[in-house]
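Hi,

Could you have a look at the structure below when you get a minute?

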Amino acid sequence: MSLRHEEFFALAIDPDEAPDPGLVPAIEEHRASCAECRELERDYASLVKLAKSMWFRLPPVSPGHKERVMAAAREVFAQGSRGSSATT
Ligand SMILES: [Zn+2]
């Protein structure tokens, strides 16, 4: 039995719970044979750490925050539609 990348990811890299012991040989096999997943597994911890540290630094959402974001988004869209024909 061999795993697909997604299965390996769900079981070995980002498991919700410890994998079924019966699947461990298949996990080991995929890890040994798939460089892509080995790389992802190696980088995943630092990616998660990075994402968490970014969220941690974000200021708490304040009243009016959504309105400001929407206003900024409208601004960007307005600029984007104006500039799209002029810029290359
Ligand atoms: Zn893989």
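Here is what turned up.

First, the ground rules: this is a predicted model, where local features need pLDDT of at least 70 and side-chain atom pairs count only at pLDDT 80 or more, while totals for chains, interfaces and linings use all residues. Residues are numbered from 1 along each chain as its sequence is written.

The protein chain has 4 helices and 0 strands, counting as helices DSSP runs of H or I with at least four residues and as strands runs of E with at least two, numbered from the N terminus. Of its 88 residues, 7% count as buried, meaning that 20 or more other C-beta atoms, placed from the backbone, lie within 10 Å of the residue's own.

On confidence, pLDDT (the predictor's confidence in each residue, from 0 to 100) averages 81 over the protein chain, and 78% of the residues score at least 70. Where pLDDT is low, the predicted coordinates should not be read in detail.

Now the packing. Helix α1 (residues 5-13) packs with helix α2 (residues 24-33) at an angle of about 115°, their axes 10 Å apart; the axes are lines fitted to C-alpha atoms over the stretch in contact, and angles run from 0 to 180 degrees between N-to-C directions. That makes α1 roughly perpendicular to α2 (65 to 115 degrees). F8, L11 and A12 of α1 make the contact with I27, H30 and R31 of α2, where contact means C-beta atoms, placed from the backbone, within 7 Å.

Cheers

Terms used:
Angles under 35 degrees count as roughly parallel, over 145 as roughly antiparallel, 65 to 115 as roughly perpendicular and the rest as oblique. Two residues are in contact if their C-beta atoms, placed from the backbone, lie within 7 Å. A residue is buried if 20 or more other C-beta atoms lie within 10 Å of its own, exposed if 12 or fewer, and partly exposed in between; C-beta atoms are placed from the backbone.
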